[in-house]
Amino acid sequence: MAPSAKSKTRAVPHEAAASAKADEARHGKEVIQEAFFEHLRFTLGKDKYSATPYDKYLALSFAARNQLISRWIRTQQTYYLQDARRIYYISMEFLMGRSLGNALINLGIAESARSAMYDLGMDLAELRSQELEAGLGNGGLGRLAACFLDSMATLELPAYGYGIRYDYGMFHQKIRDGYQHEHPDNWLRLPNPWEIARPEYTVPIHFKGRVSSRKNAQGVTVFEWVDTETVLACPYDTPIPGYGNETVNTLRLWSAKSSDEFGLHYFNSGDYVEASKDISLSESISKVLYPNDNSMNGKELRLKQQYFMCAATLSDILRRHKKFHKDCSELAEKAAIQLNDTHPAISIPELMRLLVDIEEMSWEHAWDITTRVFAYTNHTLLPEALEKWGVDLLGRLLPRHLQIIYEINYRFLKQVSWKYPGDAERLKRMSLIDESGDRQIRMAYLAVVGSHAVNGVAALHTELLRSQVLKDFNDMTPEKFHNKTNGVTPRRWLYKANPGLSSLITEKIGGGWVKDFGRIRELEKFADDAEFLSRWRDIKRHNKGKLADWIRFTQDIEVDPESMFDVQIKRIHEYKRQALNALHIVHLYNQIKSGNGKGMVPRTFVFGGKAAPGYMTAKLIIKMINSVASVVNADPDSRDLIKVVFLEDYRVSLAEKIFPASDLSEQISTAGTEASGTGNMKFAINGALTIGTLDGANIEIREQVGEENFFLFGMTAEEVRNRKASGYNPALVLAQDPALKAVIDLFRSGYFSPDEPGLFRPFLDGLEHHDEYMLFADFADYAAAQGRVSDLYRDSDAWTRKAVLNLARMGMFSSDRTIEEYRNDVWKTPSIPIARAGEE
């Protein structure tokens, strides 16, 4: 039938729009290709014949950076012209992951780039894989910081990240004979196209020396920090683009350089080592992420790193502020500084030093500004992670800061004594100085006292801070404490990591969810749509097949994509209880060997994570997992029902492969130990169901997705405390649980370590006599919950429906929501939209 005149008139603008869109895509592709060849030739000095795969990656990265630079400049100009109140996020870790794919997505040119490279005979995914990852973080803390930077730029907030440009990031992990071996992460061995050096903003940083005092003309005692050793902090800037806007913020990382010239006289006399000794010592500050602090030299280097980062950052903040303000009296109105955990707490006495000693403010005025500028996020409940620095070490390295901390403590304890007269024990508990043994500075307490806002990162975590860890401070200033549950960026962890599922979601509810993750709730109406569930399963099967191929290629292990992928990927630590997972695997193995494996749901258990080099128990847990794998993967009775894989060198790019392929998310830490966790969120938004305890953000995830869609087990935090207080006896639990005893007996027999039968005995003895993290106490309930997991997995429709509901109800766990809460409750900073080029 011929179309009517009316339908013809409607078709014209639609066709015109489609044609315009095609022209725009074609133009975008041509722009990328032109920039690609220009950089290949003029920046890299190569042609298509001599270019290596890394050269081609560089050329495409520079082409993408071209489009970032003009936005970056306009962003900074706008902030200056509007004299914006800026947010400064200080963190020892930024685990950014690869930048090219993220930049292309946030610029909105990912498809143009893919098409442009395809036309040139290149695969975009292969080019992206060439990028070296900057492992400038240990795990969740650094990855959270990266998500937050993405969200701040997407929400158009005038924000800067500050950290350290470590020459060597988190080590590369190799597994040999089941053991972890650490290798240097030399991520700067090849050019990094995403950073720009800013030597003009180099800052001198001082250490050691002494403090002198004198009276000024007004008769006031002033202090000078003199005879110091000096190191230079040189900044390197990385652009952080927002999604779907023109904002490009800045991550500034500091690199340590020696202030001394090369010792030519030593060199000429043949003393080649002495000639560069001072340079090596100075530059060691930014050499390695988290040097081992088991020695005094290691502790000193850790403290140097923290002060180096904080002093350089604060100097930079004041320099920027004084471009438009004659002094620092309005600093609190123009700057909001967020301390990401306790590491940057030395910023508080450093800002006091700058304001009092350099800017010549009164103590009272400086303290008022300082406490209005700083806010503190606590990320841990573990006592050993609440940093303390020895008074002797801090006084030797930072003598003026020790004086300032003493003064802060003196004035603070006066306030405590006014509020709680005669309470000497409270004064002792709240003092910034721990005098119970060798005198130490309680850095978390310093962060609380010097900040106007203190937050935990999940509801339970914040409640435990208020009621236990920082109870005295909460009692005194309850208005300071609030919760900010963590989130993750859906751009990287769903849109980029899982393109198949992202396309299905966008087809059904539109693309608005990428920037407004609350709209993901619209998926709920498809939870009973058979066609939708079938396509969802096809995508999951495809993702599992890709991961299985990768495991075969890298590990030489065959895994069945039709099996349940049961995954625990996170830093290796006793409280995260990878060992509980391993005990359960052996329990299943025992069932198989005793003839009870018929009908068992086949599972592929996937582990990944790094243990701190000096944490021997965590390293033994890695060996335990790999020892179990070597037996069950080879046993003809079990290998078709259980496979165990430990993926070495867990990192962001590997996580992007694992989350989309996962069926079951293991979030099994002892209740009351995990601050929040964000892996739990990344699993859930990729369609995995969770087995977990009421710990960290698990509690809020369960509340959101529905308790019927969450496999709960284990004691609550209160039950853990009560059981320990009443005299927990793990040996008795073991004796009363035949299944658990059979598992432990098999380990003790040397079955999994025949060449070294006593290998795991120290760890097992620790469980039987202490069991600090309650593995034995939670084992039976964990095994029962795993039984419920298997029951549900047999019903693919029911499992998929719950997976859809999990994703659909995860809207609150976007880092955009978290940052909105910080902005509204803590930073009080408005968004500043950046105009498009030509529209200023």
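Student: Which strands does helix α22 lie across, and at what angle does α22 run to β20?

Tutor: In this predicted model, helix α22, residues 530–555, lies across β18 and β20. Its direction is at about 70° to β20.

Student: What is the strand order of the sheet that holds β18 and β20?

Tutor: The order is β20-β19-β18-β21-β22-β23, an open sheet of six strands with parallel pairing. At the edges stand β20 (642–647) and β23 (711–712), each of which pairs on one side only.

Student: How many bridges join β18 to β21?

Tutor: Two bridges join strand β18, residues 564–569, to strand β21, residues 664–667, and the two run parallel. Across this pair, Val567 stands opposite Ser665 in β21.

Student: Which strands form the sheet with β15, and is the pairing parallel or antiparallel?

Tutor: Three strands form an open sheet in the order β13-β15-β14, and the pairing is antiparallel. The edges are β13 (388–390) and β14 (433–434); each has a single partner strand, so one side of each is left without a neighbour in the sheet. Two bridges join β14 to β15, residues 440–442. Ile433 stands opposite Ile441 in β15.

Student: How are two packed helices described?

Tutor: The description uses the angle between their axes and the distance between the axes. Here, the axes of α30 (residues 738–748) and α31 (residues 761–769) come within 10 Å and cross at roughly 150°. An angle over 145 degrees counts as roughly antiparallel, and α30 and α31 are therefore roughly antiparallel to each other. The crossing of α30 past α31 is left-handed.

Student: Which residues make the contact between α30 and α31?

Tutor: From α30 come Ile744, Phe747 and Arg748, and from α31 come Arg761, Leu764, Asp765 and Glu768. By class, this contact has three nonpolar, no polar and four charged residues.

Student: Where do Glu156 and Asp227 lie?

Tutor: Glu156 is in the loop between α6 (140–154) and β2 (159–164). Asp227 is in the loop between β8 (221–226) and β9 (229–241).

Student: Is Glu156 buried or exposed, and is Asp227 buried or exposed?

Tutor: Buried means under 20% relative accessible area, and exposed means over 50%. Glu156 has 18% relative accessibility and so counts as buried. Asp227, with a relative accessible area of 55%, is exposed.

Technical notes: Residues numbered from 1 in each chain as written. Predicted model: local features only at pLDDT ≥ 70, side-chain atom pairs only at ≥ 80, totals over all residues. Heavy atoms only, no water. Pairing = 2+ DSSP bridges. Helix = DSSP H or I, 4+ residues; strand = E, 2+ residues; numbered from the N terminus. Contact = heavy atoms within 4.5 Å. Axes fitted to C-alpha atoms, helices over the stretch in contact; angles between N-to-C directions. Parallel < 35°, antiparallel > 145°, perpendicular 65-115°, else oblique. Left-handed = near helix turned anticlockwise from the far one by under 90°. Nonpolar A, V, L, I, M, F, W, Y, C, P; charged D, E, K, R; others polar. Buried < 20%, exposed > 50% of the residue type's maximum accessible area, 1.4 Å probe, protein only.
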